[in-house]
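Please look at the charged and aromatic side chains of the structure below. The report that follows takes up the salt bridges and then the ring pairs.

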Amino acid sequence: MASGEDRISALPEDILHHVLRLLPAHEVVRTCLLARRWRGVWRSVPTLRFTGAKGWGSADMFAQFVDHLLHLRCEGDGPPLDSCDFDFDSDGIMLLPAKEWHASNWLWKALPRVRALRLRLRIVDEQEALPLSYMHLFSQHLTRLELVGVSFNNSVADFSGCPALVELSMDTCDVFMKQLLSPSLKHLRIARCYISDRYRILISLPNLVSLELIECHRGRVPLLGSLPRLARAVVVLNEHCADQCSQDQLDSCGAERRDICYGCYYYYGDPAHGPHYDRNDCIFLKGLSEATDLELSADSVVTVLNRDLKWCPTFTKLKTLLLNDWCLAADHNALICFLQHSPILGKLTLQLFEGPSYVTEAEGIYKPLGQSVASNCLKIVEIKCANVDKKVHQILKILTTYGIHLEQISVQQTSRIPGSGCFNFVCTGFS
């Protein structure tokens, strides 16, 4: 202002905090030079954001700054921080093994004093993720933990030492664990992670409300235990899933020797190779049976879902369901199974990809029940496709066979002509 009046400094401290929490931590600290009013404001900002060593001259100077700031903010009896964000994805400061100690030390200092913690590291080519196997996580305040580019190598990832933790997200991590434990966790997301192909992770979380398992690489589908509070689940299994049969069987060829078919070879009951489970029972679908909202997409080569259909549970709470092309294999085996095991299903969405249909000549492992009527609650069926072809025609016939009227079914076709958008229509009959 021409008058020289400092109106920004006159703002209430909570507004200043709101502004400063958007800045990286080193810029927040620099505000102490603006005026006398600003000298102590940075000490009480409830958020710390460390974005890397760019502009510091050396990584060591940046590390010293982080060490000192965390010592000032995270030690003592002051109030906990709302959030602490370590985002080293851009400048590669943590690429050297010598920096692992710094990252672990920073986590150790921040954990007891923060409610939400985010650690993001950049992984380049074949570089290994930052190991956290020796870290024991204890915090009375931590409610949210987001990890990118780190590695879990413990047999058991036990978060019991964080009784307030409700949300855990792992993206592009090495998740080599045999069991995940947390009595408080409500939201779990595992996306694009590397998982062991030698054993399954046992996930049994009594308070889990939402589960996302997205395109994990190389590993086996987790063994889902009891998830009594599960409401929503999103599962995407791509071609990198290890549960594949080399004999091109939909449900596994039954091989028990690795040299015959590694994809169908499982370890049962050997503690050295993961938790015990019954080979004549559901591996995955039973854990999803409490969900009310389920999205289940898989590549055609993944066998574990078709295998589970033999022991398919009843989805007593399921109201909305999304399936992709995998449900069409073996004469629409999975589609029929879900229709008959979802008594209160209200909305079904079939999301079809452009390309050839699944092989339908193979015999499905699920044997349809005698009843031919789908849920009386089913009012909406949406078919989303690139082209209305024979595949869609077969689905319409299956749905009408199982008691679904054509007027309940809408088809959304996305045009392959650029710029022409998409259109919806309702089928009124067959020709």
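Asp 171 is buried, as its relative accessible area is 12%, where buried stands for under 20% relative accessible area, exposed for over 50% and partly exposed for what lies in between, with a 1.4 Å probe and protein chains only. The model is predicted, and local features need pLDDT of at least 70, side-chain atom pairs count only at pLDDT 80 or more, and totals for chains, interfaces and linings use all residues. Residues are numbered from 1 along each chain as its sequence is written, and side-chain values use heavy atoms, with hydrogens and water left out.

The side chain of Asp 171 meets that of Arg 192 in a salt bridge, at 2.6 Å from N to O; the term asks for a side-chain nitrogen of Lys or Arg within 4 Å of a carboxyl oxygen of Asp or Glu. This pair links distant parts of the chain, since Asp 171 belongs to strand S8 (residues 167-171) and Arg 192 to the loop between strand S11 (187-191) and strand S12 (194-195), 21 residues apart. Helices (H or I, at least four residues) and strands (E, at least two) are DSSP runs, numbered from the N terminus. Arg 192 counts as partly exposed, at 32% relative accessibility.

By this rule there are 21 salt bridges, and the table gives some of them.

| Salt bridge | Closest N and O atoms |
|---|---|
| Asp 293 and Arg 232 | 3.9 Å |
| Lys 347 and Glu 382 | 3.8 Å |

Lys 347 lies in strand S19 (residues 347-351) and Glu 382 in strand S20 (residues 380-385), so their pair ties together parts that are 35 residues apart in sequence. Salt bridges that share partners also join Asp 85, Asp 87, Arg 118, Arg 120, Arg 144, Glu 146 and Glu 167 into one network.

Turning to the rings, the structure holds seven aromatic pairs, which are rings of Phe, Tyr and Trp (its six-membered ring) with centres within 6.5 Å, counted as stacked with planes under 30 degrees apart, edge-to-face over 60 and tilted for the rest. One of them is the stacked pair of Phe 50 and Phe 86, at 5.2 Å centre to centre and 15 degrees between the planes. Phe 50 in strand S1 (residues 47-50) and Phe 86 in strand S2 (residues 81-88) are 36 residues apart, and both are buried. Phe 86 also stacks with Trp 106, at 6.1 Å centre to centre and 5 degrees between the planes.
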